[in-house]
Amino acid sequence: MESDFSELRDSVSSLRLESGLEHADTASERRSEVGTRTIEFYHSAKDPIDLVKLMDVKHRQAGGETHRSLDEKSFSEIMNFPETAVRPPRALETVKSSECLEGMVSPGIRANSSSGSSQPRPQTTFEPNAMISSAWEALRKSLVHFRGKPVGTLAACDPTEDSLNYNQVFVRDFVPSGLAFLMNGEPEIVKNFLLKALRLQSWEKHIDCFTLGEGVMPASFKVLHDPSRKFDTMIADFGESAIGRVAPVDSGFWWIILLRAYVKSTGDHSLADMSDCQRGMRLILTLCLSDGFDTFPTLLCADGCCMIDRRMGIYGYPIEIQSLFFMALRCARFLLRPEAGGKEFLERIDKRLHALSFHIRTYYWLDHQQLNNIYRYKTEEYSQTAVNKFNVIPDSIPDWLFDWMPMKGGYFIGNVSPARMDFRWFTIGNCVAILSSLSTPDQSSAIMDLIEERWEELVGYMPLKVCYPALESREWQITTGCDPKNTRWSYHNGGSWPVLLWMLTAASIKTGRPQIARKAIELMEARLMKDGWPEYYDGKLGRYIGKQARKFQTWSIAGYLVSKMMLEDPSHLGMISLEEDRKMKPSLTRSVSF
């Protein structure tokens, strides 16, 4: 504890020096020490010092240049930072200004990145921690190799259960693994994965007599080893083997998002600029931006088309898909080149982004005031000036919502379509909305307010509920078809999923509330490794290991590592977060609970 306070005193002094609060001569002597010191983030709950107040975003370069914050530097200065320069360690950063995010260059950029080789970052930035060492060991054991190269990670490595399809590489499951490797300075694994998934996209895809769209990305793929021939083959699942035979809408979006993360981490645009990658993005966008009978800018989907891959009543316009769609569009706008048809797609992306942001921010947003408005809605309004545009019947508001909705806070509801609002909370949709800046800054703060206000229900003993509340009794029977895996407070029906911690952590840092992530990580560290890294937990408070949960679930492991690394160095947030686009600022005429 004494050494902790000593380090804090040094850190406070260095920050005071940089602010010009002490003598200039002393400042010039002691500034040279700042580059070799990091502020220790984890402290006892009894520590009266609020470390958050000490955090400031700094971009430190070698040499005698005066240190300036990211807010003081132009984006061009930041983005032109040499890829070959070795950046000194950074202090913990609280990112409140969304304008900093695009300029953040991840420490994943190594001195040898220009040569195409990569070396893992030394894992010395963390305080010695058995859980972190165990997590890295388990993550590396899950690596899948194709013809000698790592191309992904298995969904789970549970030796006590039948593998089923957990011995495959899932596109969405690999995202936290990919982020962990990028943050650790190992981009080659991510590059191999992106190229293999792209190659699989070009395959012909058939379900019975029907051919899927050319741009569909696989839900998963499996590597088959033939030891006698010493030859590897790969098979892919585009939904033809999935439960319910539903194609994965989110796979293509996650692929684009991870491609941008790779570029932001390494500073290497050559992969994204490849003609195959450009074509792959255009094929995905063609599926999403095609003209049809839609009267809304949101994307129409079948049930079970995303992480919730079983029947759970999310058909229509689920918030998870809309948030991922929005983020993928913004990432594609960053990655696409105007040549070879790219310019037309960029124009279509801009139009869709503006319409989509207005639609989600206006019609999906729910806070106490808007709930009261819906409660008082009139129905059967036939005009362009209608207030109740979707003809939602007020009696359809579930009873649980009136007591659950806090006076402070708000969130994006699960679904909006004619005469239907799904008022359930969905974690991925709301966290991705924050990271992509689909939510306004005020809405982002309100979402975090709601998480704090309803901590017991949404976090409980194990982060984090995939949705809330659970479907029960007759509603469960009708909505899920009596699904024995999605019983109340289990699996996708109100289960607690450790993987969601990395999204909560990123959202917490972006909104300037890292203490929320710290609190959630402490809860997880008390149990997750001891329980064998389960896939999910059951119960209202997440107290029980899921009844069918696999152990050594890879994305539970990777999600924990990503959370720890983002808190240790918040500049990693730039990989997965986007600054607010000032062009998309429709006026909101009602409260957003800020």
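Visitor: Leaving aside neighbours within four places in sequence, which residues is Trp255 in contact with?

Guide: Keep in mind that we're looking at a predicted model. Contact here takes heavy atoms within 4.5 Å. Skip the neighbours within four places in sequence, and the partners of Trp255 are Leu194, Ala197, Leu198, Met217, Cys277, Met281 and Ile284.

Visitor: What angle does the direction of helix α6 make with that of β9?

Guide: Start with the sheet: it's open, with three antiparallel strands in the order β5-β8-β9. β5 (169–170) and β9 (231–237) are the edge strands, each pairing on one side only. Helix α6 (residues 187–201) packs on this sheet and touches β5, β8 and β9, and its direction relative to that of β9 comes out at about 65°.

Visitor: Which residue in β8 is the bridge partner of Val169?

Guide: β5 pairs with β8 (residues 220–226) in the antiparallel sense, over two bridges. Look across from Val169 into β8 and you land on Phe221.

Visitor: Which residue takes a positive phi in the hairpin of β3 and β4?

Guide: β3 (residues 143–146) and β4 are antiparallel partners over four bridges, with Phe146 opposite Lys149. β4 (residues 149–153) is mostly covered, four of its five residues being buried. Two residues sit between the strands, and the one with phi near 55° is Arg147.

Technical notes
Residues are numbered from 1 along each chain as its sequence is written. This is a predicted model: local features need pLDDT of at least 70, side-chain atom pairs count only at pLDDT 80 or more; totals for chains, interfaces and linings use all residues. Side-chain values use heavy atoms; hydrogens and water are left out. Two strands pair if DSSP finds at least two bridges between them. Axes are lines fitted to C-alpha atoms, for helices over the stretch in contact, and angles run from 0 to 180 degrees between N-to-C directions. Buried means under 20% relative accessible area, exposed over 50%, partly exposed in between (1.4 Å probe, protein chains only).
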